[in-house]
Amino acid sequence: MPTIVPYTYEKKEEKPLFFTSLVKGMKILVATEKPFAKKAVGGIREILTEAGYEVALLEKYTDRPQLLDAVSDADAVIIRSDKITAEVMAAAPNLKIVVRAGAGYDNVDIAEAKRRGIVVMNTPGQNSNAVAELALCMMIYMSRNQFTPGTGSEIQGKTLAIHAYGNVGRLVGRKGHAMGMKVIAYDPFISDAQVFAADGVEKVDSVEELYSRADFLSLHIPATPQTVKSIGYDLLKSMPKGATLVNTARKEVIDEEGLVRALTEREDLKYITDIAPDAAAELSEKFGKRFFATPKKMGAETAEANINAGLAAARQIVDYFVNGNTKFQVNK
Ligand code: 3PG
């Protein structure tokens, strides 16, 4: 099983500082409604203060004005799922870079950032293992009747179908394979079957085939204009008897009306998610033990994931300001 490579950088002495005149007194804000583990915050602070920056921390904020106030003198911001909208950017005249400590950046208005010359980065892969572990855990939780008395079933021998084979999907595939599952995957952006075969995974050529063969369907697609509400009735109703849809990605990719219809017509289908749907109350009431949503998104909520992603974010900021490195920029 591969380990995540920590993000490192070297100060290139021969090059002048990218933002030489700005480094002194530069302020980096860590704005996390859902805070990082203490150790991660300590590490972020150490990296940034060592580089000469001032660090400000805004955790567990409850309303927008707190964020708008905190960004007003920030040169850089580290966030998690915190929403960085046009309004936030307008309130941050010094802002040069936003780093989303995590994978999905649908919470940042990247077009507006580009328009304003603000660099947006993510930290791909750094929290993936935590999310992958949760996905497997969710499959077992549903197979064992949400840990209530009664006969459950095993995941070994079942078909695990992975929708999108990025950092998380790949780790889920490898772990599922190690647990004796038959793993299949579909990713419209990966044509080389070897990528899948190397992990003991069968490449499937259509999303329809993927769902029609899935005892467990693990979702790993990002929320984009193309994917929003793309998982609905037709795909869900095609799933085999007793199948479970596992969502550790984004709630927006589910067409909730279609989901309710599929769960109503098919009394054997199950849905477990790490991102509470808008229709959570209705789903709980109608489908009981066939539905479960975590109270707050917890896929990346491990000390390890916080440390990997948080420290990578801090290092990427220093690397950008010192060397101009834009390797992980998502709004080029
Ligand atoms: C991600 O996109 O990296 C995950 O959804 C984790 O999000 P979080 O940092 O809000 O827990």
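How far from an oxygen atom of the ligand does a polar side-chain atom of Arg80 lie? In this predicted model, the separation is 2.9 Å. Residues are numbered from 1 along each chain as its sequence is written, and side-chain values use heavy atoms, with hydrogens and water left out.

Two further side chains make polar contacts with the ligand (pairs of N or O atoms within 3.5 Å). A polar side-chain atom of Lys34 is placed 2.8 Å from a ligand oxygen atom, and an N or O atom in the side chain of Lys297 is 2.8 Å from an oxygen atom of the ligand. Taken alone, the ligand exposes 320 Å², of which the protein buries 94%; accessible areas follow the Shrake-Rupley method with a 1.4 Å probe. The surrounding residues, each with a heavy atom within 4 Å of the ligand, include Ser81, Arg100, Asn127 and Arg250. By class, this shell has 2 nonpolar, 4 polar and 5 charged residues, where Asp, Glu, Lys and Arg count as charged, Ala, Val, Leu, Ile, Met, Phe, Trp, Tyr, Cys and Pro as nonpolar, and the others, Gly among them, as polar.

The chain is divided into domain 1 (4–126 + 303–323) and domain 2 (128–293), with bounds from an automatic or database domain assignment. Their centres, taken over C-alpha atoms, are 32 Å apart. Domain 1 gives 7 residues to the contact and domain 2 gives 5, contact meaning heavy atoms within 4.5 Å.

The second largest pocket (an open set of points on a 1 Å grid, with protein on both sides within 12 Å along at least five of seven lines) has a volume of about 630 Å³. Its lining comprises 23 residues, and those closest to its centre are Glu33, Ser81, Lys83, Ile275 and Lys297. The lining divides into 4 nonpolar, 4 polar and 15 charged residues. Because both domain 1 and domain 2 give residues to the lining, this pocket lies between them.

Methods. Predicted model: local features only at pLDDT ≥ 70, side-chain atom pairs only at ≥ 80, totals over all residues. Polar contact = N/O pair within 3.5 Å; in protein donor to acceptor, adjacent residues only side chain to side chain. 1 Å grid on protein atoms, 1.4 Å probe; cavity = no way out; pocket = protein on both sides within 12 Å on 5 of 7 lines; lining within 4 Å. Points joined across faces, edges and corners; volume = space filled by probe spheres on them.
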